[in-house]
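The sequence and structure are shown first.

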Amino acid sequence: MRTLLLCITWLCLCLSLEGLSLISWRTEAVDGRGSGAAIRGKKLLRRVKRGWMWNQFFLQEEYTGSDYQYIGKLQSDQDHGNGVVRYVLSGEGAGSIFVIDQNNGDLHATRRLDREEKSFYILRATVVDKRTGQKLEPETEFTIKLHDINDNEPTFSKEVYTATVPERSDIGTSIIQVTATDADDSMYGSSAKLVYSISQGHPYFSVDPNTGVIRTALGPGDMDREQREHYQVVIEAKDMAGQRGGLTGTTVVNISLTDVNDNPPRFTQSIYQFRVPELAKSGTPVGRIQATDRDVGRNAEMYFTIISGDGMDVYEIFTDKDTQEGVITVSKPLDFEKKPSYTVEIQVQNTHMDPRFMSAGSKDVATVRIAVEDMDEPPMFDKASYVMELKEDAEVGVAVGSVSAVDPDAARSMVKYSIDRRTDMDRLFNIHPGNGSVFLLKRLDREEAAWHNISVLCLSSDNPRQSSHVPVYIQVLDINDNPPTFATVYETFVCERTKAGQPIQTVSAVDADEPSSGHKFFFSLAPEKMHRSNFTVRDNGDNTASILTRRASYSRLHQSIYLVPVVITDGDYPMQSSTGTLTVRVCTCDRDGNMELCNPEALSSSAGISTGALIAILLCAIILLMIVVLFTALKRQRKQEPLIISKEDVRDNVVSYNDEGGGEEDTQAFDIGALRHPDAATSMEESAKQRRDIIPTDTLLYPPLRRPVAANNLMMPPASLVSRDNGDVREFINQRILENDCNPTAPPYDSLATYAYEGTGSVAESLSSLGSVSSEAEQDYHYLSDWGPRFRKLADLYGAEDSDFS
């Protein structure tokens, strides 16, 4: 059907454009006599320069015939039908898409064209003489346009759309707009004119045929998410303005209803029952109650409240945010003996209410019955704490106070009292186990501790594991049992030249007691010094007293120190008094009364070096001493002769260790340079006498070596020099060993060092690796047996033949 429609449309276009496909113009040459020009056609036109001109040709797209598609005919006035004219075509697609008959100018299309790919082509044509190749007509440009046919179906921008709309929306609520496009020419015919329709989704949704906007088609009562949440809608877009024969494109729209808070929460049961032990502490969970809500997310959030009942002040309820359950907890202590059960009413409602759906049924109520379980409770004191008073002079055994506790259980068993000794480590108090009377075990002193805090335990006789405790605060009341004393140690002096009645010191007193009316002190001179004292005491009436002179002249040479006894009495009952002795020193003063000179004992007591100053002086002395020692050591080190003078004089230090310490870190081993240069070592006599880290255990006296050989490939010294050097070495080693063995002040060390010196002229030569050379030649080790018993083992090892080890 579609192919037939395309063919009919193509034929109609060809017939309608037949008269326009060929436009030809002829021109004739005009001579000087002014002959006219004849033109093929009905009109007579005046002569022009151009003999042919084409504006455009039209061609229908999507040609399905087997032959080339005929476009039109080009004809020139220069073509007289004698076959000497050749038509030439150039431009877009010339020779491939479009061809021209060179002899008659017929234009054809060689293949099927798609307007949606390219809607027009621009070509050029001319006429040339076949014989000469010259152009007979100027080149003319023309256009070939493709006529559109309805060969493209509408396509949507998405294959699947997703949209949401709140449930219970009104009719006509806009949801989403879908858009389709058609590749056909919208300016030609109605091939690209689209109409939208809904093929699946009735009767819930509708679509606007012109805009593609999808809307709800049912009322709020029919669009309920709790009944159906997801819908799949199929939308069609049809071209040709929806007429028959048009092409159609489809898309799918998945529409979901979003939740609104249109359902109230409901309890799963009307009555709940729980049990809770009476010893449950505040905050203990009693039980959970559930309510359901058909809504989801934020709309399903709910909260619970206790609205009535006899346990409103005993229990609380809160909402578990994770499970949306109501959790009932204990808020106050329970007592089975007083009330064994409670009944409360719980209400539930949504946290976020929607005013559009609020009604009388937006809340739900359930009844909760809670039974209290009887438990074995510990005894309970009648007070949370006790405060008792006791005078500090109370006798041992006197009663301080009493505590009282009862068993709250119905059995009312007997209770037993005791003191927690962790709170009474000195065992100052005790308690009667039967009646709870607290009494004194030791005498108290308020000046040592004014308060004593103890803890009293109460146990049930039926179940000793059930116990309780209560704090008891005991205050020790003050009595006047301490005499007053001087407030501080006074350093008093009097000038040699003074006036009678001159005050030289003001004294005050302190008392460890604390009378309720405050301290009141009285000062006076001791009675035995009243008549022959050199000083007097004047009570100032403000808990202070002034010490006055009784004469005008004192002599420090005659008597440098005076003792003034002062009697201090308090004003409390019973009255307490003490005698404080004031030391007065005689000093030389200037005209203004400032002290200039006192006796040595006076200076030592009045002025002294402080602890900080003494420490600073000691530190300075230590630092100076360390500097002197360091300077002396550096100076002595500069004067010492180096032990190894020549770089060529190389010897090895052989140190044998037989201890757990030392090793390579032992820096006190013998320096072989000291053995080779005893003259330089003699200058270090004093420093060498100091104890080293290693004590030889045996006196090693090495005999002279038999054969002098060169050590480390060095030239042998003369025999006289060798003999002298070996004697010095032996004497040096023996002297050091004797000093260390005979030093009684040296501490013992768990280390052993053995020193050996091969010396020059040894038959064994040097054992050092510094002068050894590699050699592949066989060596004779039989001479090792001549070195004595110390090298016998070595001679046995190296003197054996190879066959002995085979």
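In this predicted model, strand 30 (residues 415-419) pairs with strand 33 (residues 451-460) in the antiparallel sense, over 5 bridges. Within this pairing, K416 has L459 of strand 33 as its bridge partner. Strand 33 also runs antiparallel to strand 34 (residues 467-477), to which 9 bridges join it. Here V456 has V470 in strand 34 as its bridge partner. Strands 33 and 34 form a hairpin, with 6 residues between them.

The count of aromatic pairs comes to 14. A pair of aromatic rings is described by the distance of the centres and the angle of the planes. Two of the pairs are tabulated below.

| Aromatic pair | Centre to centre | Angle between planes | Class |
|---|---|---|---|
| F156 and Y196 | 6.2 Å | 50° | tilted |
| F535 and Y554 | 5.4 Å | 5° | stacked |

F535 counts as buried because its relative accessibility is 1%, and Y554 counts as buried because its relative accessibility is 3%.

Elsewhere, ring pairs link Y204, F205 and Y231 into a cluster. Charged ends also sit over rings: that of K118 is 5.4 Å from the ring centre of Y121, and that of K339 is 5.3 Å from the ring centre of Y342.

Terms used
Residues numbered from 1 in each chain as written. Predicted model: local features only at pLDDT ≥ 70, side-chain atom pairs only at ≥ 80, totals over all residues. Heavy atoms only, no water. Pairing = 2+ DSSP bridges. Helix = DSSP H or I, 4+ residues; strand = E, 2+ residues; numbered from the N terminus. Phe/Tyr/Trp six-rings, centres within 6.5 Å; stacked < 30°, edge-to-face > 60°. Buried < 20%, exposed > 50% of the residue type's maximum accessible area, 1.4 Å probe, protein only. Lys NZ or Arg CZ within 6 Å of the ring centre and 35° of its normal.
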